[in-house]
Structures are given as C-alpha cells and as structure tokens.
Amino acid sequence: MDFYHGTTTAFELRVGGYLLPAIETGILREDWRKKHTDKVFFTPSLLSAEKYAKKAAAKYGGEPILFTVKPSVPYYNINTNEYISDRAKILAVKEIIMTKPIKKSLPKSRDHFFAYSITCPYRNAS
C-alpha cells in the first residue's frame, strides 16, 4: 500500500528527508489538537492528502504538495484513512498543486505544469 502526506512547499521538505512530529518541529496545523503530537500523519487516500495539503498551504503559505512516504515501523491506523507513526521517510513528490498560474500568458491546461515540474526543487532527482 502506498502512503501520502499532504503539506505545503513553505516547509521546504525534500525527497530523502523525514517527516517529523509536531513535538519536534513546533509546527501544528491543528492548533486545538492535543493527542498524537509525537506522531506524523499519512494516508493511503490521495483525496485526503490533497485536502490536508490545501489546508496547510492556506495556513502557512506556499503551494500544496503531496509526498509519497514510507512510515517508520510500527505504524497504526487511527481511522479509515488516517495512519500515524513516529516519523516517515519522504520517498517522492506525488504532486504539487498549483494554486496560482506560473505566467499569465500560459494556457490553462495541464501541460503548463510540465515546465514547472522540470525545475521544481522538490522534484525527485533522477
């Protein structure tokens, strides 16, 4: 099963790095949350990861970004589409959700994302 984590480019996370819990980073999107601050969250649902990414970008700025992650063992399912573990390795960029056009002169098609994805610093090095 593949797992995803939705966040924002504002945090400058990189492929090969790790997602760390709020207790270590001091970053907690849900200010009201008291449980699981020592865990990272991820999901097998792209739709859920996209929702979380958009909320993170709205709060912290940047563009919503989806990572494919590999959780540390053990990991736990805490509800239908939500899992937690102590940390998770970032394996790949799944998608950057552009909320603003790169240039106004570009057509509003999916093709205009290609130019950005080639030079994007979050893109997998290959």
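Me: Rings of Phe, Tyr and Trp (for Trp, its six-membered ring) pair if their centres lie within 6.5 Å; planes under 30 degrees apart count as stacked, over 60 as edge-to-face and the rest as tilted. Which residues do ring pairs link into a cluster here?

Reply: Phe 3, Phe 42, Tyr 75 and Tyr 83 are linked into a cluster by ring pairs. Before going on: this is a predicted model, in which local features need pLDDT of at least 70 and side-chain atom pairs count only at pLDDT 80 or more, while totals for chains, interfaces and linings use all residues. Residues are numbered from 1 along each chain as its sequence is written, and side-chain values use heavy atoms, with hydrogens and water left out.

Me: Fine. How many aromatic pairs are there in the whole structure?

Reply: The search finds seven aromatic pairs. In one of them, the ring centres of Phe 42 and Tyr 83 are 6.1 Å apart and the planes are at 15°, so this pair is stacked.

Me: And where do those two sit in the chain?

Reply: Phe 42 is in strand 3 and Tyr 83 is in strand 6, 41 residues apart, so the pair links distant parts of the chain. Strands (E, at least two residues) and helices (H or I, at least four) are DSSP runs, numbered from the N terminus.

Me: Is Phe 42 buried or exposed?

Reply: Phe 42 counts as buried because its relative accessibility is 2%. Tyr 83 is buried too, with a relative accessible area of 12%. Buried means under 20% relative accessible area, exposed means over 50%, and partly exposed is in between (1.4 Å probe, protein chains only).

Me: Back up a bit. How many helices and strands does the protein chain have?

Reply: The chain has three helices and seven strands. Along the sequence they follow the pattern β-β-α-β-α-β-β-β-β-α.

Me: What share of the residues is buried?

Reply: Of the 126 residues in the protein chain, 37% are buried. The chain exposes about 8,000 Å², of which carbon and sulfur atoms supply 54%. Such areas come from the Shrake-Rupley method with a 1.4 Å probe, and for residues only the protein chains shown count as cover.

Me: What about contacts between residues that are at least 6 apart in sequence?

Reply: Among those contacts (heavy atoms within 4.5 Å), 71% join residues at least 24 apart. As a separate example of distance, Thr 9 and Leu 66 are 57 residues apart in sequence and 9.4 Å apart in space, C-alpha to C-alpha.

Me: Where is Thr 9, then?

Reply: Thr 9 lies in the loop between strand 1 (3-8) and strand 2 (18-19). Thr 9 counts as buried because its relative accessibility is 11%.

Me: Which strands does strand 4 pair with?

Reply: Strand 4 pairs antiparallel with strand 1 over six bridges, and seven bridges join strand 4 to strand 7 (residues 88-96), also antiparallel. His 5 stands opposite Phe 67 in strand 4, and Lys 70 stands opposite Lys 89 in strand 7. Strand 4 (residues 64-71) is mostly covered, with seven of its eight residues buried.

Me: New topic. How many salt bridges are there?

Reply: The whole structure has two salt bridges. A salt bridge is a side-chain nitrogen of Lys or Arg within 4 Å of a carboxyl oxygen of Asp or Glu. Side chains of opposite charge can pair when their charged atoms come close.

Me: Which residue forms a salt bridge with Asp 86?

Reply: Lys 39 does, and the closest N and O atoms are 2.6 Å apart. Asp 86 is in the loop between strand 6 and strand 7, and Lys 39 is in the loop between helix 1 (22-25) and strand 3, 47 residues apart. Asp 86 counts as partly exposed at 41% relative accessibility, while Lys 39 counts as buried at 18%.

Me: And what about Lys 54 and Glu 50?

Reply: Their side chains meet in a salt bridge at 3.0 Å, N to O. Lys 54 and Glu 50 are separated by about one helical turn because they are four residues apart in helix 2 (residues 46-60). Lys 54 is partly exposed at 42% relative accessible area, and Glu 50 is partly exposed at 24%.

Definitions and conventions
Two strands pair if DSSP finds at least two bridges between them.
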